[in-house]
Protein chains: 2
Amino acid sequence: MTPGVRFHGGGAAPPGIKADVDRRPVTLEEVARVAGVSRATVSRVVNGVATVDRELRQVVEKAISTTGYAPNRAARSLVTRRAGAIGLVLPDEGRTLHDPYFGRVVSGVLPVIRPLGVQLVLTTTDPGGHQEVVDDVRQRRLDGVILIHTHDADPLPRLLTESNLPVVLAARPVRPMSITYVDVDQAAGAGLAVDHLVARGCRRVATVTGPLEAPAGQDRLRGFREAVARHGLPEPLVVEGDFSREGGAAAARRLVAGRGPLGEGFDGLFVASDLMATGALPVLRHRGLRVPEDVKVVGFDDSSPAVECDPPLTTVRQPVEDMAAEMARLLVERVERPDRPISSVVFAPTLVVRQSG
Amino acid sequence: MTPGVRFHGGGAAPPGIKADVDRRPVTLEEVARVAGVSRATVSRVVNGVATVDRELRQVVEKAISTTGYAPNRAARSLVTRRAGAIGLVLPDEGRTLHDPYFGRVVSGVLPVIRPLGVQLVLTTTDPGGHQEVVDDVRQRRLDGVILIHTHDADPLPRLLTESNLPVVLAARPVRPMSITYVDVDQAAGAGLAVDHLVARGCRRVATVTGPLEAPAGQDRLRGFREAVARHGLPEPLVVEGDFSREGGAAAARRLVAGRGPLGEGFDGLFVASDLMATGALPVLRHRGLRVPEDVKVVGFDDSSPAVECDPPLTTVRQPVEDMAAEMARLLVERVERPDRPISSVVFAPTLVVRQSG
DNA sequence: TTCGGGTCAGAGAGCGCTCTCTGGGGAGTG
DNA sequence: CACTCCCCAGAGAGCGCTCTCTGACCCGAA
């Protein structure tokens with residue numbers, strides 16, 4: 001060893017903040033030494049195990065705070081076989097990520113899992129397809145996943161359940177399968193919309209549906225038809241949309257094209273998503289139809305476009321935050337007791353009345 | 001040991017999927033045994049270390065795929081002292097999470113870190129304040145964090161940098177400090193807006209600013225004033241807003257209140273955020289001012305309200321995805337080489353012309 | 001043949017934690 | 001007073017991986 005000049009430290013380190021920097025993290029071992037107890041006892045204190053003497057506990061707690069100990073999660077995970085993290089998986093067709101719905105899900109999930117010390121990891125199924133997500137779970141980086149907006153062809157739900165990994169779906173699966181999901185009663189929501197239109201005096205109603213291969217699309221149409229029948233209304237106009245703004249506009253154009261000069265056609269319109277409604281409204285306006293005077297419009301989702309468009313949209317609200325919180329709870333439950341029977345939850349929608357209908 | 005009935009397995013397990021379920025995960029050790037090599041060699045193959053004989057490598061790779069081996073990340077983290085995860089920290093005043101901006105950040109960050117095998121962990125500073133985030137890093141659950149929308153009083157940037165933890169800020173810090181950040185040239189963006197208004201024939205311009213304690217608010221106002229001076233325009237009207245829709249509406253009311261009967265006042269309006277602009281537009285309309293005929297309006301952000309409002313907004317676009325990707329790159333770089341000098345990046349804004357101005 | 005040098009696989013020591021098992025000591029009982 | 005029982009702290013064995021160090025083996029040069 002050549003003796004040389006040490007720039008930082010070298011003798012007794014000055015006390016204070018600087019000494020913290022670049023120092024090796026404190027381990028259980030060191031806390032134990034400071035407290036004059038064994039590693040096991042410190043571990044018990046850290047994890048809140050009750051069988052520790054009061055006095056001893058205080059000594060340990062003091063040692064923890066003076067040393068500034070923070071447990072290494074990787075080491076703990078290695079033993080407990082828990083990652084302490086769950087995944088939120090979005091299909092990245094670009095759309096979902098930019099949908100405010102996504103933020104609502106996050107703000108529903110976080111309050112449930114943070115107090116449990118569980119992290120929320122964000123992923124899309126975008127690049128490597130789905131294997132990445134499965135790998136994340138198999139590598140024990142994720143204890144389970146919440147799947148958003150899976151579509152018909154999505155192999156992920158099956159892939160994950162077949163590997164017996166904890167999954168919760170946001171929305172009913174396309175094909176019936178043994179999987180936990182949380183959904184809103186879509187049909188009932190559509191019914192709420194029709195009830196409202198009828199209460200406001202509409203007699204000839206129309207609908208722009210979602211894509212009919214999606215369960216949400218199917219269910220909202222079914223609920224719409226059932227409510228129309230229940231109220232004894234004449235056969236409604238039905239045009240299929242695709243949940244996009246442009247799709248809503250296109251569908252609206254087809255609807256007004258079939259409308260006669262003096263109002264035969266429809267006086268109430270249920271659009272199966274707010275985004276489509278924001279596409280449909282300008283079409284109606286350009287056709288000279290005033291909303292809500294000539295046509296009353298009700299949307300679905302209560303997403304931000306609903307309040308931003310003109311006029312603000314009466315719409316069916318899904319309690320997304322509550323649903324997300326429930327998904328988180330179900331997932332955590334499933335991670336902790338994989339043997340429990342799976343169970344799903346369906347929420348009731350509500351109607352938010354604004355100016356459009 | 002009492003001999004008893006074993007329900008699952010017990011003899012030779014039937015081959016196939018069922019056997020995978022509930023089985024203990026495969027370890028390096030087992031792969032090594034199957035391949036007839038040492039644990040070290042398998043590790044070398046898994047991690048792509050070059051000094052492994054070609055043939056041997058193939059044998060190991062085969063063993064990996066037949067056993068279905070997936071490395072345990074916790075074990076790896078324990079040794080490498082890398083969590084393999086970075087945090088995206090949002091201040092939860094409710095707003096940010098529901099802002100589409102947030103989704104754009106995520107979709108900029110993910111493509112950068114996923115190929116590196118790094119996870120994105122979402123957090124807010126909401127409940128326990130900021131200690132939680134610091135703890136996450138100290139517990140080595142997070143290698144570093146990206147901080148979004150920090151405000152003046154936010155202690156987090158300082159807290160993290162003082163602990164010498166890798167941080168990247170989205171936006172210039174309020175007070176100058178030694179920290180990596182990525183931002184758009186706010187002043188230049190405001191200049192773009194004024195240039196456009198002038199090119200469209202405006203002579204008397206006004207602005208609704210952001211909150212002036214925020215750097216973005218200050219910089220956009222400064223850029224606005226500089227451009228106004230550069231074009232030799234008369235003293236502009238300036239009203240302070242707060243980046244919210246309601247704040248935009250309130251500011252617009254104050255502006256039109258000062259406007260005389262025959263158009264003395266302003267014919268061009270720069271609103272420092274799209275959201276505020278969506279609040280301002282209806283106010284102008286109710287005052288009988290047509291956009292863009294009577295007043296041309298330019299917003300800032302190119303967020304979704306810009307395309308949803310009526311008329312669609314001409315606005316200054318921040319390349320949010322690119323900026324987010326850059327933040328991710330800077331953070332990863334910083335995690336890998338903490339000794340490197342810190343560096344920040346400023347992006348150029350562009351103008352998106354729509355119908356409002 | 002001997003020897004130096006280079007290549008590459010194996011041995012083994014941890015990383016920091018949890019958790020079971022052991023055992024000391026005090027209280028209660030016969 | 002001896003014995004049992006219980007309570008609670010310590011010892012120590014891993015969890016599954018990485019990475020350094022050792023050493024076997026082969027090749028070419030002396």
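Me: What makes the largest share of the surface near DNA strand C?

Reply: H5(A) does, with five residues. A residue is called near if its C-beta atom, placed from the backbone, lies within 6 Å of the molecule or strand. This is a predicted model, where local features need pLDDT of at least 70, side-chain atom pairs count only at pLDDT 80 or more, and totals for chains, interfaces and linings use all residues. Numbering starts from 1 along each chain as its sequence is written, while chains are lettered from A and ligands numbered from 1 in the order in which they are written.

Me: Which residues come nearest to DNA strand C, and which helices each supply at least two residues?

Reply: Of 26 residues around DNA strand C, Leu28(A), Ser43(A), Ala75(A), Ser38(B) and Asp53(B) come nearest. The helices are H3 (39-46) and H5 (73-80) of chain A, plus H2 (39-46) and H4 (73-80) of chain B. They get the name "helix" as DSSP runs of H or I, at least four residues, while strands are E runs of at least two, both numbered from the N terminus.

Me: What makes up the surface near DNA strand C by class: how many nonpolar, polar and charged?

Reply: There are 14 nonpolar, eight polar and four charged residues. Here Ala, Val, Leu, Ile, Met, Phe, Trp, Tyr, Cys and Pro are nonpolar, Asp, Glu, Lys and Arg are charged, and the others, Gly among them, are polar. By that scheme Leu28(A) and Ala75(A), both on the list of nearest residues, go with the nonpolar set, and Asp53(B) with the charged one.

Me: And which residues come nearest to DNA strand D?

Reply: Ser38(A), Asp53(A), Leu28(B), Ser43(B) and Ala75(B), out of 26 around DNA strand D. H3 and H5 of chain A and H2 and H4 of chain B give two or more residues to this surface, and H4(B) has the largest share, five.

Me: How many residues of chain A are in contact with chain B?

Reply: 40 residues of chain A are in contact with 40 residues of chain B, with "contact" set at C-beta atoms, placed from the backbone, within 7 Å. H7(A) brings the largest share of the chain A side, seven residues. That side divides into 18 nonpolar, 11 polar and 11 charged residues.

Me: Why can S2(A) and S2(B) be called paired?

Reply: Strands pair if DSSP finds at least two bridges between them. S2(A) and S2(B) have three and run antiparallel, so this counts as a pair. Leu122(A) stands opposite Leu120(B).

Me: Why is S1(B) said to be largely enclosed by the rest of the structure?

Reply: Six of the six residues of S1 (85-90) of chain B are buried, so the strand is largely enclosed. Buried asks for 20 or more other C-beta atoms within 10 Å of a residue's own (exposed is 12 or fewer, partly exposed is in between, and C-beta atoms are placed from the backbone). Ala85(B), Gly87(B) and Val89(B) point one way, and Ile86(B), Leu88(B) and Leu90(B) the other. S1(B) pairs in the parallel sense with S2(B) over six bridges and with S3(B) over four; Leu88(B) has Ile146(B) as its bridge partner in S3(B).

Me: What makes S7 and S12 of chain B stand at the edges?

Reply: The open sheet of chain B runs S7-S6-S8-S9-S10-S12, with mixed pairing. S7 and S12 each have a single partner strand, so one side of each is left without a neighbour in the sheet. Neighbouring strands are turned by 20° against each other on average, direction ignored. H11(B) packs on the sheet, touching S6, S7 and S8, and makes about 145° with S7(B). H12(B) touches S6, S8, S9 and S10, at about 150° to S9(B). Those angles run from 0 to 180 degrees between N-to-C directions, along lines fitted to C-alpha atoms, for helices over the stretch in contact.

Me: Which residues have the most contacts inside the largest nonpolar core?

Reply: Ile146(A), Met327(A), Ile146(B) and Met327(B), in a core of 90 residues. Beyond its neighbours within four places in sequence, Ile146(A) is in contact with residues including Ile86(A), Val168(A), Met327(A) and Leu331(A). A second, separate core of 40 residues includes Ala250(A) and Leu275(A).

Terms used: Two residues are in contact if their C-beta atoms, placed from the backbone, lie within 7 Å. A nonpolar core is a set of buried Ala, Val, Leu, Ile, Met, Phe, Trp, Tyr and Cys residues joined through C-beta atoms within 7 Å.
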